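Me: I would like to go through the labels attached to this model and check each against its cut-off. Please take them one at a time.

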Amino acid sequence: MDFELTDEQQLVRETARAFTENEIVPRARQNDRDEHFDLELVAKLAQQGYLGAIVPSQYGGAGLDYLTYGLIVEEIGRGDSLVCSAIVRWGTEEQKERYLPKLCSGEWLGCFGLTEPDTGSDAANQRTRAKQTDSGWVINGAKMWISMGTHAKLALIFAQTDPEKAHKGLACFLVETDGNNGYQPQEIHGKLGLHGSDTAAISLSDCEVGEDAMLGEVGDGFKIAMTSLESGRYSVAAGCVGICQGCVDYSVQYAKERQQFGRPIASFQLVQAMLADMKVETDAARMLVYRAGYLKDTGQPNSTETSVAKLYATEAANRCATTAIQVLGGSGYVDDHPVERYFRDVRVTTLYEGTSQIQKLIIGRALTGINALVPS
């Protein structure tokens, strides 16, 4: 693997970094305080081509490779490619042409409706039901912790069509939410972090969709969910590298400016040790993300490597955020400085797109050939 970035990749990274400094950073604290989902910022992200970074250009995307996409996500934070990646891989030509340009342009936002109130890591055990009718399907059930569920114009909803078939009965539906009375989202408040994001509980009550709304076929639902989550894990890992780097940069800057005992605290050995720990964690996480992106771009198997990157980067970001607060001391405990927001926001990354424990089981299965996820 060549670790040297191309001129194009360096330009993309520098552009994303400048966008973050000019557009995201000035809004971040107030959006967090107000619990404001910033649609204006979403529109700016779309204008930059970031919402459809990995979508082929023929469908309105930027057509970037995964490594370059990872560089963008590292700079701007966690991206959400679950909906687009699912449609790109599993959609019919008609579905791609209908939905991808709207999602890439930001005209529509999408959400990924897999998690349920009683179903998290056991994704195959969907309680939501889909019943076939003369004109299509009727969906009933509930979804929980759905990112952008309130503002989404398109929802990927996973539902069981035949409980006796278990995961072979799962299907995925493209649900257009505008004017659909069967789709009722409710915004979730009181979260530890991600105050500026849209997180919703969704009620599906006699939600009607046409026959052409199914993504793939009956029985493909579980495969669609797992392949989409794999793409999402890569995004989460890359975003966490950005959090790690943010912790390093801010801690170094603060430590060089903060004076104690007549000199900068950066001159103290134990402060330098904390900075060094964060630097090592950041570099290691970045290399694991680069490896996963390289394998994706070269068409090689990468499920295990993506899980390794997601596991390490998310846990490293949590450690870096904790350490950054320690470097800043009391100043790190208030939102005058960004590290307390990093601490709150990054905590959830070890939970969604597969918990750290699930990633360990995926890695363990690859090592031993034994699936510990299946009860004996």
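Reply: Buried means under 20% relative accessible area, exposed means over 50%, and partly exposed lies in between. The model is a predicted one. By that cut-off, buried residues make up 50% of the 376 residues in the protein chain.

Me: Why is Arg27 called buried?

Reply: The relative accessibility of Arg27 is 18%. The limit for buried is under 20%, so Arg27 counts as buried.

Me: What makes Glu40 and Arg27 a salt bridge?

Reply: The rule asks for a side-chain nitrogen of Lys or Arg within 4 Å of a carboxyl oxygen of Asp or Glu. Here the N to O distance is 3.4 Å, so the pair meets the rule. Glu40 lies in helix H2 and Arg27 in helix H1, 13 residues apart. Both residues also belong to a salt-bridge network with Glu23, Asp38 and Lys44.

Me: Why is Asp336 called exposed, but Arg29 partly exposed?

Reply: Asp336 has 52% relative accessibility, and exposed means over 50%, so Asp336 counts as exposed.

Me: How do you know that the protein chain is as compact as a globular protein of its length?

Reply: The chain has 10 helices and 10 strands. Its radius of gyration is 21 Å, close to the 21 Å from the globule rule for 376 residues, so the chain is as compact as a globular protein of that length.

Terms used:
Residues are numbered from 1 along each chain as its sequence is written. This is a predicted model: local features need pLDDT of at least 70, side-chain atom pairs count only at pLDDT 80 or more; totals for chains, interfaces and linings use all residues. Side-chain values use heavy atoms; hydrogens and water are left out. Helices (H or I, at least four residues) and strands (E, at least two) are DSSP runs, numbered from the N terminus. The radius of gyration is taken over C-alpha atoms; the globule rule is 2.2 Å times the number of residues to the power 0.38. Buried means under 20% relative accessible area, exposed over 50%, partly exposed in between (1.4 Å probe, protein chains only).
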